[in-house]
Amino acid sequence: MSKTVVHVLRHGEVHNPDRILYGRLPGFRLSELGVQMAKAAAQGLAERTVVHVVASPLERAQQTAEPIAAQFGLPVGVDERLIESANWFEGKKVSPGDGSFRDPRNWWVLRDPMTPSWGEAYRVIAERMFAALHAARIAAEGREAVLVSHQLPIWTLRRYVERKRLWHDPRRRQCGLASLTSFHFDGAKVVGIGYSEPAAHLIAMSPTARTAKGA
C-alpha cells in the first residue's frame, strides 16, 4: 500500500485590533507576524514531498498557504470543507471572563455545549473535514499534501479520527497558530498522527496567541 501524509495547517496570526470573534467574516487577513508564521510553516515543510496544497476560502488561510505553494511551484486550491465553523457569536466581542457567558440574553444560545447549540455541530464539522482529508490523500497518493484550515475544525477532525468524543474544553486544544497536525496514511487507513509547531518562536511573540478568536 502507498504511504501518504496529509499535513493540516492552522493559519497564522490575524490582524484583529478590535478583538472580535471573526469566524467566517471576510476581510480578516494575517498580521505582519502572521505572514512570518506562514513563511516559517513553509520552511518547516521544505524537505517534504508536497505535491498538493489546498486551503479554506477565507483570506487568512489562503495567505498562509501561499508561501508553501510557491515553495513547491504549486497552485493554491480551495476547498469549502476546510472553512471555519459557523458561530452565533460571529462579529461579537466574546472572551473568557468578559461576562458574555453570564449574560442571560446568551443563555439560550449556550444551552447545549455538546452539539454545540451556538454554532455548527461538531459532527458536521468532523465529517466535512474528514472528507477533505481523504480527498487530499487521494490527490497526493504516495507523497504529501497540505491543507490550511482553522483551529476548531482541525481539532475536531483530530478527535474524530482518534475516536474521541467531539465536545471538549477549548482551552485544551493542541493546535497553535501555524501548527501542523499531520495524518500518516498506509493506503486509506490513518496509521499515525503527528503534531509540530514550526512557528513556535513567533507564537511566543504574539500577545493574542492563546486567545485568538474565530481562529
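**Notebook: aromatic rings in a predicted model**

I looked up Trp-88 and found this residue partly exposed, with a relative accessible area of 41% (buried is under 20%, exposed over 50%, partly exposed in between, with a 1.4 Å probe and protein chains only). I noted that this is a predicted model, in which local features need pLDDT of at least 70, side-chain atom pairs count only at pLDDT 80 or more, and totals for chains, interfaces and linings use all residues. Residues are numbered from 1 along each chain as its sequence is written, and side-chain values use heavy atoms, leaving out hydrogens and water.

I searched the whole structure and recorded three aromatic pairs. Rings of Phe, Tyr and Trp (its six-membered ring) pair if their centres lie within 6.5 Å; planes under 30 degrees apart are stacked, over 60 edge-to-face, and the rest tilted.

One of the pairs joins Trp-88 and Phe-89, edge-to-face, at 5.0 Å centre to centre and 85 degrees between the planes. Phe-89 is buried, at 4% relative accessibility.

I then examined Phe-130 and Tyr-160, whose ring centres are 5.3 Å apart with planes at 70 degrees, so this pair is edge-to-face. Phe-130 lies in helix H3 (residues 122-139) and Tyr-160 in helix H4 (residues 151-161), so the pair ties together parts 30 residues apart in sequence. Helices (H or I, at least four residues) are DSSP runs, numbered from the N terminus.

Lastly, I checked for a charge over a ring (NZ of Lys or CZ of Arg within 6 Å of the ring centre and within 35 degrees of the ring normal). Lys-92 lies over the face of Trp-88, 4.6 Å from the ring centre.

Methods:
Helices (H or I, at least four residues) and strands (E, at least two) are DSSP runs, numbered from the N terminus.
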